Amino acid sequence: MEIFSFTLALILLLLTSSYLQSTMAASDFCNSKCNGRCSAAGKTQRCMRYCLMCCQECKCVPSGTYGNKDECPCYRDKVSPITKRAKCP
């Protein structure tokens, strides 16, 4: 029984560490892409909030500080459920 508990704990630890690594890697990717995308925005904090939200879901961010949304259709087509307008900067 003790071996089973140890093995289960080891498996959970391995799964958790691999999940955290992939989450952190995606976060670094999105942070760097959104910093570039929002660098010229008038409301940088709002731009970053929406950009990070879209990046985490779509796994891509269009190049440049404005436009180019055809490079990332998921990002381009995201809409707010309340306003039915595009919400990704």
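Trainee: What should I know before reading any values here?

Mentor: This is a predicted model, in which local features need pLDDT of at least 70 and side-chain atom pairs count only at pLDDT 80 or more, while totals for chains, interfaces and linings use all residues. Residues are numbered from 1 along each chain as its sequence is written, and side-chain values use heavy atoms, with hydrogens and water left out.

Trainee: Why is the pair Glu57 and Lys78 called a salt bridge?

Mentor: A salt bridge requires a side-chain nitrogen of Lys or Arg within 4 Å of a carboxyl oxygen of Asp or Glu. The side chains of Glu57 and Lys78 meet with N to O at 2.5 Å, and because that value is within 4 Å, the pair counts as a salt bridge. This pair links distant parts of the chain, with Glu57 in helix H2 and Lys78 in the segment after H3, 21 residues apart. The helices named here are DSSP runs (H or I, at least four residues), numbered from the N terminus.

Trainee: What makes Lys78 buried rather than exposed?

Mentor: Buried means under 20% relative accessible area, exposed means over 50%, and partly exposed lies in between (1.4 Å probe, protein chains only). Lys78 has a relative accessible area of 18%, and because this is under 20%, Lys78 is buried.

Trainee: Which class does Lys87 belong to, and where is it found?

Mentor: Lys87 is found in the segment after helix H3 (73-77), and at 22% relative accessibility it counts as partly exposed. The C-alpha atoms of Lys87 and Asp77 are separated by 8.8 Å, although these residues are 10 apart along the chain.

Trainee: What makes Asp70, Arg76 and Asp77 a network?

Mentor: Arg76 forms a salt bridge with Asp70, with the closest N and O atoms 2.9 Å apart, and Asp77 forms a salt bridge with Arg76, where the closest N and O atoms are 2.8 Å apart. Asp70, Arg76 and Asp77 are therefore linked in a network of salt bridges. As for accessibility, Asp70 counts as exposed at 63%, whereas Arg76 is partly exposed at 33% and Asp77 is partly exposed at 46%. A search of the whole structure finds 3 salt bridges.

Trainee: What makes a group of residues a nonpolar core, and which members touch the most others in the largest one?

Mentor: A nonpolar core is a set of buried Ala, Val, Leu, Ile, Met, Phe, Trp, Tyr and Cys residues joined through side-chain atoms within 4.5 Å. The largest one has 14 residues, of which Cys34, Cys51, Val61 and Tyr75 touch the most other members. Helix H1 (2-37) and helix H2 (44-58) each supply at least two residues of this core, and its largest share, 7 residues, comes from H2. Leaving aside residues up to four places away in sequence, Cys34 touches Met48, Cys51, Leu52, Cys55 and Val61, where contact means heavy atoms within 4.5 Å.
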